[in-house]
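Biologist: I am new to this structure. Could you walk me through how to read it?

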Amino acid sequence: MPPIIEVENLHKSFGDTHALAGVSFQVERGSVLGLLGPNGAGKTTAVRVLATLLAPDQGTARVGGLDVSTQANAVRSIIGLTGQYAAVDEKLTGAENLRMVGRLLGMSSTQARSRATVLLERFDLTDAADRQVTTYSGGMRRRVDLAVSLVGSPEVLFLDEPTTGLDPASRSELWAITRELVADGTTVLLTTQYLDEADELADRIVVIDQGQVIEEGTADELKDRTGGRSLEIEFETTAELASAAAVLRPFSAKGELQQNEQDCLLSLSVDSDTALAVRAIAALTDAGLSPADFRLHRPSLDDVFMALTGHGTETEEQEGPDSIPGNAKFGDTNTEAMNS
Amino acid sequence: MSDTATVSTETATYRRPSGLNAIYQDSRVIAWRNLVHLPRTPQLVIFTLIQPIMFVLLFTYVFGGAIGKALPPGVSYAQFLIPGIMVQTLVFGTSATAVGLAEDLQNGIIDRFRSLPISRSAVLNGRILADMIRLTAVATVLVVIGYVVGFRFQGGLGLGLLMILVAVAFGTSMCWIMTNIGMRVKDAETAQTAGFVWLFPLTFISSVFTPVYTMPAWLQVFARNNPVTLVANLLRALSVGEVLPGSTWVSMSLPVFLWIVGITAVAAPLAVNRYRQA
């Protein structure tokens, strides 16, 4: 079966800014592709081209075998788009928004009504159905936006930074919904600047930077380049640090135990083996050593970028959304407290 | 996710209409959406209903005594004022078109519409259709308040309805200009200003509030040829049932008709074209 999304050598410039400078990638039917990159990398531009909102300067993009430039209307009937900012009518109620889109898709008013009821229920918005969207919380707004893009049961769903600005609970809720959609056979193209979001949802990740694809692979492949997770243990004195290093040496099968005398910090590579981290801490306690602090450190996107490009992401970061706790994002040191 | 089956059966049972029918259906849905906005936008309700009422009362009782003296004998100020203020109010009311469209573009709902397989002109057609209905409501309110202060359809109801029709038609052509402004500015605040500022000279340097001959000669040149004057004069003629001395129905209505057709013929295609590229 051919890929459901085929992007080839896509170029798009706005004045002197080359938002897309020759981007190519493919998405297999029924899979989730994560388009990962900092602000201004070209993710949204790519989605806008695929959603027929923007004509490319050069190159081709096909969705479901249909060309986004020459068969735009046919593409529109198989896609759903959920933008970074909720593109629903805030003065309408949730139910009215869904019915409006149903009617625009050609449903009768009865069909539109029953489709709206189904979606409201599924997205847990039944109680808020007859309230104007202005009164919704951020999470509800994003849910109704997603519901609206699903009215036509699209084959391909574009999620453009779906959790930007959401609180952790709404975030995981949206992740769960996305997984359900994928289980139903929907193909999802997700843009995100959060490595953990791509990690959670995407089968494959395409990393883009300055309008170009700089890396492609599964989440594990990407993380391998950055060393995976490590356990960081802090001590009061260098004497404790030295004895702790001796205790932990057997745990570092690959020799990845780093000793930082200056910060009294010990770093043990554990990757996804959290049990190893627990055993390491237990071994220290058994040896009568009590760490001042310890935590799991995960590679941030910054680390991935450093590994991939040799440059950080600070220059690209503009007015990024507020940082979300526990969310891997540019500039975050991104440590996960284990003991708090 | 238990309802997958329901979803797919539903998908199979509806189909998009095609051709003109699609444009009509889509425009109707968008018009409905814009009309639902009206009662939920307090400032629009005030603009639409309260402001014209206030203007009629203020002008009648504050300026009526003074300006009424400049009118030909036998013409009451209310009779002079209502047709004029109808043009003025409708023209001012069209700026809401620019603001509404700019808001839609700003908050992304236009992107939503553009990602749907609907006819390209429906979003603008729907907005204009809703605005036409809104303008008709405003014109009706003005007639009602006019009747309270002494205005009458002296030429009969038929010509009275024609008066409303002409006023709304002119207002609608102005709405097309406003759609262009709404799509070319970057936000709703700018649209508010850009859609409003030029309406002051346009409506005040006209026969809307005072007879043109009371103005300085150089201003009269503009005032006499201002489409707002032409429309106001035609509305007055329709409200009293007779043309101004020295003119005929054709000489009064043809320029108005040409202005309405001309503005629409230029502004509407420009707007639709702009929308396609937006």
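Modeller: Let us go through sheets, a helix and a helix pair in turn. This is a predicted model, where local features need pLDDT of at least 70, side-chain atom pairs count only at pLDDT 80 or more, and totals for chains, interfaces and linings use all residues. Residues are numbered from 1 along each chain as its sequence is written, chains are lettered from A and ligands numbered from 1 in the order in which they are written, and side-chain values use heavy atoms, leaving out hydrogens and water.

Biologist: What is the strand order of the open sheet in chain A?

Modeller: Strands of a sheet pair through backbone hydrogen bonds, either parallel or antiparallel. Here 4 strands of chain A run in the order β2-β1-β4-β5, with antiparallel pairing. At the edges are β2 (17-27) and β5 (66-67) of chain A, each pairing on one side only. Strands (E, at least two residues) and helices (H or I, at least four) are DSSP runs numbered from the N terminus, and two strands pair if DSSP finds at least two bridges between them.

Biologist: How many bridges join β1 and β4 of chain A?

Modeller: Strand β1 (residues 5-14) and strand β4 (residues 58-63) of chain A share 5 bridges in the antiparallel sense. A:Ile5 has A:Val63 in β4(A) as its bridge partner.

Biologist: Which residue takes a positive phi in the hairpin of β9(A) and β10(A)?

Modeller: That is A:Gln210, with phi near 45°, in a hairpin with 2 residues between the strands. A:Asp209 stands opposite A:Gln212 in β10(A).

Biologist: Why is helix α1 of chain A described as largely enclosed?

Modeller: Because 6 of the 8 residues of α1 (residues 43-50) of chain A are buried, the rest of the structure largely encloses this helix. Buried means under 20% relative accessible area, exposed over 50%, and partly exposed in between, with a 1.4 Å probe and protein chains only. Among the buried residues are A:Ala46, A:Val47 and A:Leu50. Just after α1(A), A:Thr52 has a positive phi of about 65°.

Biologist: At what angle do α5 and α7 of chain B cross?

Modeller: Two packed helices are described by the angle between their axes and the distance between the axes. The axes of α5 (residues 95-106) and α7 (residues 122-149) of chain B cross at roughly 145° and come within 11 Å. Axes are lines fitted to C-alpha atoms, for helices over the stretch in contact, with angles from 0 to 180 degrees between N-to-C directions. Contact means heavy atoms within 4.5 Å. Residues meeting here include B:Gly100 and B:Asp104 in α5(B), and B:Arg127 and B:Arg134 in α7(B).
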